[in-house]
Amino acid sequence: MEINEIYKNETSYFSPIEINERYGLTFIFTSSLKKPSKEKPNDFNLSFNAEANPIKVMENRKTILDLCSIKTRNPIIFLRQTHSDKAIIIDEDFLSKYKNLYLELEKPASCLENREAVNKIIKSIPEGDAIITSMPDIPIMVFSADCNTVLICDINLRVISAVHAGWRGVINNILNKSLNLMIRKFGCNQKDLMLFLGPSIRKCCFEVDYNLYKKFKIKFPEAFNKNEITDNSNKYFIEMIDILKYQAIKTGVKEKNISIIEKCTCCYGKDLFFSYRRDKKAGRQAALAYIQENINESN
Ligand SMILES: [Zn+2]
């Protein structure tokens, strides 16, 4: 399925429009670009990382919902990402425990003006790097700057997942773990699973040391034929997207149901994306998934 590149309200983002029109699901990958000005060209940071201004972050999160015409009273659910292989299911039980915590961040600026209060809330948010839900009207989000983001859906059962996978997540199979949870706990069928891989650091820029290169090669020998480039200066590069694709296909996902945004966060365009490797101090772009409450019956 095509992932469309969209420029709306002076903001750049990517979204498979067909998934919205046919299945009532909203999937979006953001860039760093929002209302560019001379002073602040790239300002679409979506994470409460240390350098971020919490008020601005929350404004940006609202902007995503506006761009996708998501009108919900529920908060955006995200996790404290730790490069783990942990997937969290969002259900009634999760919401009864944590919903108020997320709502606290979305309340009028009083809390957001106080960085310590924000940090305290963030510390109480559960850890994990993948989110799965079958609940309509709950936006789920993961963020990254170079790491991979994967949005998944079972188009038949309307189960969705958002996965954050840096090299640690890739090597620890977080994608397989999330897919297997969707299959085992939600009854998803492999043939109905569609995967969308967001922009991330690609082989052109993802140079690693020999030890890490070897680790990947031992763990994923079948996925490795395309990853091997060693030039005279003994540099090693890994194409993580190939490995994610390999992991998905091994779990039973059809290759034709995997769509990839072929853009490297580190070198594509003029800083269209946040890149940790390029800039060290960087904001985060996001991948957001949402099940609309009503599917348009005429579709
Ligand atoms: Zn690159």
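Me: Which residue in S5 is the bridge partner of Ile90?
Reply: In this predicted model, Ile90 has Thr133 of S5 as its bridge partner.

Me: How many bridges join S4 to S5, and do the strands run parallel or antiparallel?
Reply: Four bridges join S4 to strand S5, residues 130–133, and the two strands run parallel.

Me: Which sheet do they belong to, and in what order do its strands come?
Reply: S4 and S5 are part of an open sheet of six strands with the order S4-S5-S8-S7-S9-S12 and mixed pairing. Its edge strands, each pairing on one side only, are S4 (87–90) and S12 (258–260). On average, neighbouring strands of this sheet are turned by 15 degrees against each other, ignoring direction.

Me: Which helix packs on that sheet?
Reply: Helix H8, residues 240–250, packs on the sheet. H8 touches S7 (148–154), S8 (159–165), S9 (193–197) and S12, and its direction makes about 25 degrees with that of S7.

Me: Let us turn to S9. How many of its residues are buried?
Reply: Five of the five residues in S9 are buried, so the strand is mostly covered.

Me: Which way do they point?
Reply: Leu193, Leu195 and Leu197 point one way from S9, while Met194 and Phe196 point the other way.

Me: What about its strand partners? How many bridges join S7 to S9?
Reply: Five bridges join S7 to S9, and these two strands run antiparallel. Within that pair, Asp154 stands opposite Leu193 of S9. S9 also pairs with S12, in the parallel sense and over three bridges. There, Leu197 has Ile260 of S12 as its bridge partner.

Me: Now Val163. Where does it lie, and is it buried or exposed?
Reply: Val163 lies in strand S8. Val163 counts as buried because it has 28 C-beta neighbours inside 10 Å, the cut-off being 20 or more.

Me: Which residues does Val163 touch?
Reply: Leaving aside residues up to four places away in sequence, Val163 touches Asp129, Ala130, Val142, Thr149, Val150, Ile152, Ile174, Leu175 and Ser178.

Me: How far apart are Val163 and Asp129, in sequence and in space?
Reply: Val163 and Asp129 are 34 residues apart in sequence, and their C-alpha atoms are 6.1 Å apart in space.

Me: What is the strand order in the open sheet of five strands?
Reply: That sheet has the order S1-S2-S3-S13-S6, and its pairing is antiparallel. The edge strands are S1 (4–8) and S6 (140–144), each of which pairs on one side only. Neighbouring strands here are turned by 25 degrees against each other on average, with direction ignored.

Me: Within it, how many bridges join S2 to S3?
Reply: Three bridges join S2, residues 11–15, to S3, residues 25–34, and the two run antiparallel. Phe14 stands opposite Phe29 in S3.

Me: And which helix packs on this sheet?
Reply: Helix H2, residues 54–67, packs on it, touching S1, S2, S3 and S13 (285–291). The direction of H2 makes about 130 degrees with that of S3.

Me: What span does H2 reach, and which of its residues are buried?
Reply: H2 has 14 residues and reaches 20 Å from its first C-alpha to its last, close to the 20 Å expected at 1.5 Å a residue. Pro54, Val57, Met58, Asn60, Arg61 and Ile64 are buried in H2.

Me: Why do they line one face of the helix?
Reply: Seen down the axis of H2, the buried residues fall within an arc of 155 degrees, so they line one face. In general, an α-helix has 3.6 residues a turn, so residues three or four places apart point the same way.

Me: What covers the buried residues of H2, and what follows the helix?
Reply: The cover includes S3, H3 (92–106), H4 (115–124) and S13. H2 is followed by Ser69, whose phi is positive, near 55 degrees.

Me: Finally, the whole chain. How many helices and strands does it have?
Reply: The protein chain has nine helices and 13 strands. Its radius of gyration is 19 Å, close to the 19 Å that the globule rule gives for 299 residues, so the chain is as compact as a globular protein of that length. Of the 299 residues, 42% count as buried.

Methods. Residues numbered from 1 in each chain as written. Predicted model: local features only at pLDDT ≥ 70, side-chain atom pairs only at ≥ 80, totals over all residues. Rg over C-alpha atoms; globule rule 2.2 N^0.38 Å. Buried ≥ 20, exposed ≤ 12 C-beta atoms within 10 Å, placed from the backbone. Pairing = 2+ DSSP bridges. Axes fitted to C-alpha atoms, helices over the stretch in contact; angles between N-to-C directions. Contact = placed C-beta atoms within 7 Å. Expected span 1.5 Å × (residues − 1). Arc of directions from axis to C-beta.
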